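Take a look at the structure shown here.

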Amino acid sequence: MSFSPLKIVLFVSEFMVPLVIFYIVGYGMLMKKNVYEDFVKGAKDGMMTVVQILPTLIGLMVAVGVLRASGFLDLLAKLFTPVAMLTNFPSELVPLTIVRLFSSSAATGLALDVFKEFGTDSYIGTLASIMMSCTETVFYTMSIYFMAAHVKKTRWTLPIALASTFAGIVASVFLAKIM
Amino acid sequence: MLNYLWGLMLLLGVIYGAFTGRIDAVTNAVLDSSKEAVSLCVTMLGVMGVWVGVMEIAKTSGLIKVLSRKMQPLIKFLFPKIPHGHEANEFILVNIISNILGLGWAATPAGLKAMEAMEKLEKERGNKEYLETASSSKRCASNEMCTFLVINISSLQLIPVNMIAYRSQYGSINPALIVGPAIIATFVSTIVAVILCKVAEGGKHK
């Protein structure tokens, strides 16, 4: 059996979720907590969160669905083809990348559209999954956080946040390629 | 922000669809997409139920507290100038832990509290921009605020539960396959963020 870095990464993928569950439930039992009752209580909270996001999801999936059906997303992807040719980044993901900076839920809508159009396990689908997992809503987060501290001048926050987002995207492209 | 974005998406879609003669497809998209959103939420109900349930065990068993204590040195490294025992430390810690565990709804309130605490810290430091009399339009973010935000934006989430749920809903053979790569990509973006923040903090502006 050979040990390539890729194998280790895929191994982590496979084991991460069960491992986290094992560790947390095991720790809870060691501490003699009522793990099942706690779980049920938490599960209820989790479901409430989903119910709360349902309206936004309906709104955004309809908006993205309309854009897709009208052919506008294809037009957008075509417009970005030159950029994509230069950078080796799929043009279909350019709208997702831009929207991701502004709104997490709108980006989710677009990512789901990518899954539908290209499949979750295609190169584009994999790349979209990794990208969505390693980036945050830059502008939204900045605006609500700085509002809380009543700050107007954000100094170097934006350039560095964008640089870090860019680094995450470059890493995603590299990882999706070798998978 | 979303008001414009959402409105624009719908208006553009309808106008472009009308011009390209795909208005019937647009109508179908409205109906199909709304149905799809509901079926997606049914999948999400299960996944999020399990995940938040498990996290509740982590919370009540004190595991999250133990993890926070282990993270203390990291906070010290990232924010060396926040005095020991200042309330900002606590909020930053809760925010970062919640982000790592993917508890976004717990991360944001703690993050906002952390920002308020850092605002108070500037007042305690006697920063003139932060006095009651100073106009807030000229107020500059402190080094700690910038670093905190950049690290938040760099994404810290260990397991992208939402993405796994979406992937499983859309027929992925192995929805969790992206966990490993996502951890690496998240690590890369966070390392870049930390290095650049350290460089920027070392620059002028006290």
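What follows goes from charged pairs to one helix and its surroundings.

This is a predicted model, in which local features need pLDDT of at least 70, side-chain atom pairs count only at pLDDT 80 or more, and totals for chains, interfaces and linings use all residues. Residues are numbered from 1 along each chain as its sequence is written, chains are lettered from A and ligands numbered from 1 in the order in which they are written, and side-chain values use heavy atoms, with hydrogens and water left out.

Start with the charges. A salt bridge here is a side-chain nitrogen of Lys or Arg within 4 Å of a carboxyl oxygen of Asp or Glu. Over all chains, the count is 11 salt bridges.

One of them joins A:Lys41 and B:Glu56, at 3.1 Å from N to O. This pair crosses between chains, from helix 2 (residues 35-70) of chain A to helix 2 (residues 23-60) of chain B. Helices are DSSP runs (H or I, at least four residues), numbered from the N terminus. A:Lys41 is partly exposed at 47%. B:Glu56 is buried at 6%.

Now stay within chain A. A:Arg68 and A:Asp113 form a salt bridge, 2.6 Å from N to O. The two lie 45 residues apart, A:Arg68 in helix 2 and A:Asp113 in helix 6 (residues 104-118) of chain A. A:Arg68 is buried, with a relative accessible area of 17%. A:Asp113 is buried too, at 4%.

Chain B has a pair of its own. B:Glu119 meets B:Arg139 in a salt bridge, with the closest N and O atoms 2.8 Å apart. B:Glu119 sits in helix 5 (residues 104-124) of chain B, and B:Arg139 in the loop between helix 5 and helix 6 (143-153), 20 residues away. Both residues are buried. Elsewhere, salt bridges with shared partners tie A:Arg68, A:Asp74, A:Asp113 and A:Glu117 into one network.

Conventions
Buried means under 20% relative accessible area, exposed over 50%, partly exposed in between (1.4 Å probe, protein chains only).
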